[in-house]
Protein chains: 2
Amino acid sequence: MSAVNIETVVEFLKGLQDQICAAIEHADGQAKFVEDNWVRPEGGGGRTRVLTNGGVVEQGGVNFSLVSGDKLPPSASAHRPELAGRTWKACGVSLVIHPKNPYIPTSHANVRFFIAEKEGEEPVWWFGGGFDLTPFYPFEEDVIHWHQTAKTLCQPFGESVYQKNKEWCDDYFYLKHRDETRGVGGLFFDDLNEWGFETCLNYIKAVGSGFIDAYIPIIEKRKNKEYGERQRQFQLYRRGRYVEFNLVFDRGTLFGLQSGGRTESILMSMPPLARWEYNFQVDESSEEHKLSQYLVPRNWV
Amino acid sequence: MSAVNIETVVEFLKGLQDQICAAIEHADGQAKFVEDNWVRPEGGGGRTRVLTNGGVVEQGGVNFSLVSGDKLPPSASAHRPELAGRTWKACGVSLVIHPKNPYIPTSHANVRFFIAEKEGEEPVWWFGGGFDLTPFYPFEEDVIHWHQTAKTLCQPFGESVYQKNKEWCDDYFYLKHRDETRGVGGLFFDDLNEWGFETCLNYIKAVGSGFIDAYIPIIEKRKNKEYGERQRQFQLYRRGRYVEFNLVFDRGTLFGLQSGGRTESILMSMPPLARWEYNFQVDESSEEHKLSQYLVPRNWV
């Protein structure tokens, strides 16, 4: 068993960021990510990469960050008092892709690692992450492909891993005030350390490359499908729900904003354009009505 | 001194809603408010009025609601345990106007009354409310007029009322993660009962009509000013900040969404269209740069 080692995680994460950016650029076919390196005054920094106005991607960001501190604040260790006062490091890759074509779903993925250390004691660490898909005009075969890819990557880590993390994802990406999920889900996990460092690291590696295997084929399949102003308007309306989730419920976003994180990198998840309309309703016989059936947790594979 | 009486407040509020809608429709010159009456299963209901695609107003809502319950939930009485278990009623008028022309500021106003009762004991009640202005391209004379109107209406209620509620407004409408206020402020107050029922009611009456006196002349002055795509894009970008405030910080919005309030009426405050752009910067010599100087609290009158 290899020792707990944040350098190994960081090296993997930077490589993953490169790999995902390359895959998205290739699928986009026109625009390139622009990199923005930033330093966090309190420790660490990041490598934010943003692609805008591409052939496929209207706005997307793939961020790497490594942040650290001398002393865990009480708010961060409220439920784990044994961590208070420890030095800590957190690193991760987080991405959101907002495609232009309403037939391509928005997607989000994240893998992260946290470690809190204290001289003379065992380090406390865990991994977290996952990926989830937010279609506007869902295609059942795309959703099945997405979940099948998730299930396949989970398989080597245990029979129940997919089901557990799939349900966790459905629970997490839920808009209570709308009584609907953000999209069709995928995987979500946190506090993962029970398998030991090496296996946990292998799992987030599988999640990282699984995201590419899950998303790129959906882009390719839908990117040339023609759409009109009606589909565009529905997409903008539904992006409003994405904003509502991220700003009202997403713990990562809220913790980041409240703890003095880098606002521009955190809010890179926001859509380039979104709209709200009072009491917007869709006709029960319309193409748009189909979406509501996808925003209730379901077993896809 | 007149007795504490929610019917008097409700009657005033409904009249205020009518008055504000009439004033906005007159200034708009084209569109009319559409009314939507709704009932709250747990008690009470509301009268939501929305105007869209007007000559001046892109989207605006003026809502009246009266909601009630048998028993105050512990979350609502955490800081006032003497209220736990009381029957309660809350009523208010709340409005947000999102004009189309970027030279007209977005505005918000709210007046509200809360009462908790228990057989054989004195009722516990308070008023709250205020109004605030969110310009995109601020005109100093408009901001001074806005604050002068606020100051004048506060005058009869005490020498320090304007200053206190103006500062409260600056503190409340503050986006911590952006280190800027939502706009140029105005008035904000809560838990108001120290003057007795009648004077407090007179104060919210003054705030209600003060809003009309403060806002309508600004609409009239700016509604014919020509603008282009550049101003429109800046307005949409800045509306993103409005969304961020409402969903991350606004206690009324968050409490409403968490407590099972009527989502469509609560989120009527959202702009019809908003955009986000990574690391958007304005040139220091530009017209847009002026705004940042207005998003720091200042004494206007």
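Student: In this predicted model, which residue in the turn of the hairpin formed by β1(A) and β2(A) has a positive phi?

Tutor: The model is a predicted one. In it, β1(A) pairs with strand β2 (residues 44–52) of chain A in the antiparallel sense, over six bridges. Four residues lie between the two strands of this hairpin. In that turn, the residue with a positive phi, about 135°, is Gly43(A).

Student: Which residue stands opposite Trp38(A) in β2(A)?

Tutor: β1(A) and β2(A) are joined by six bridges in the antiparallel sense. Within this pairing, the residue of β2(A) that stands opposite Trp38(A) is Gly46(A).

Student: Which are the edge strands of the open sheet in chain A?

Tutor: The open sheet has seven strands with antiparallel pairing, in the order β1-β2-β3-β4-β5-β6-β9 (chain A). The twist from one strand to the next averages 5°. An edge strand here pairs on one side only, and this holds for β1 (34–39) and β9 (185–192) of chain A.

Student: How many bridges join β5 and β6 of chain A?

Tutor: Strand β5 (residues 106–117) of chain A runs antiparallel to strand β6 (residues 124–134) of chain A. The number of bridges joining the two strands is 11.

Student: At what angle does helix α3 of chain A run to β9(A)?

Tutor: Helix α3 (residues 161–172) of chain A lies across β6 and β9 of chain A. Helix α5 (residues 229–249) of chain A also packs on the sheet, touching β3 (57–69), β4 (87–99), β5 and β6 of chain A, and its direction makes about 160° with that of β4(A). For α3(A) and β9(A), the angle is about 100°.

Student: Why does the salt bridge between Asp142(A) and Arg222(A) tie together parts that are 80 residues apart in sequence?

Tutor: The closest N and O atoms of Asp142(A) and Arg222(A) are 2.8 Å apart. Asp142(A) lies in helix α2 (residues 140–154) of chain A and Arg222(A) in another element of that chain, so the pair ties together parts that are 80 residues apart in sequence. The element that holds Arg222(A) is helix α4 (residues 197–222) of chain A.

Student: How many salt bridges are counted over all chains?

Tutor: Side chains of opposite charge can pair when their charged atoms come close. Asp142(A) and Arg222(A) form such a salt bridge. Over all chains, the count of salt bridges comes to 48.

Student: What is the order of strands in the open sheet of chain B?

Tutor: This open sheet consists of seven strands with antiparallel pairing. Its edge strands, each pairing on one side only, are β1 (34–39) and β9 (185–192) of chain B. At one end, β1(B) and β2(B) pair over six bridges, with Val34(B) opposite Val50(B). The order is β1-β2-β3-β4-β5-β6-β9 (chain B).

Student: At what angle does helix α4 of chain B run to β6(B)?

Tutor: Helix α4 (residues 197–222) of chain B lies across β4 (87–99), β5 (106–117), β6 (124–134) and β9 of chain B. Another helix, α5(B), lies across β3 (57–69), β4, β5 and β6 of chain B and runs at about 160° to β4(B). For α4(B) and β6(B), the angle is about 15°.

Student: What area is buried between chain B and chain A?

Tutor: The contact takes 33 residues from chain B and 32 residues from chain A. In chain B, Glu264(B), Trp276(B) and Tyr278(B) lose the most area to chain A, together 29% of what that side buries. Carbon and sulfur atoms give 58% of the buried area, which is about 2700 Å².

Student: Which residue of chain B meets Glu264(A) in a salt bridge?

Tutor: Two salt bridges are found across the interface of chain B and chain A, and 19 residue pairs are in polar contact there. In one of the salt bridges, N and O lie 2.8 Å apart. The partner of Glu264(A) in that bridge is Arg178(B).

Methods:
Residues numbered from 1 in each chain as written. Chains lettered and ligands numbered in written order. Predicted model: local features only at pLDDT ≥ 70, side-chain atom pairs only at ≥ 80, totals over all residues. Heavy atoms only, no water. Contact = heavy atoms within 4.5 Å. Buried area = accessible area lost by both parts, 1.4 Å probe. Salt bridge = Lys/Arg side-chain N within 4 Å of Asp/Glu carboxyl O. Polar contact = N/O pair within 3.5 Å; in protein donor to acceptor, adjacent residues only side chain to side chain. Pairing = 2+ DSSP bridges. Axes fitted to C-alpha atoms, helices over the stretch in contact; angles between N-to-C directions.
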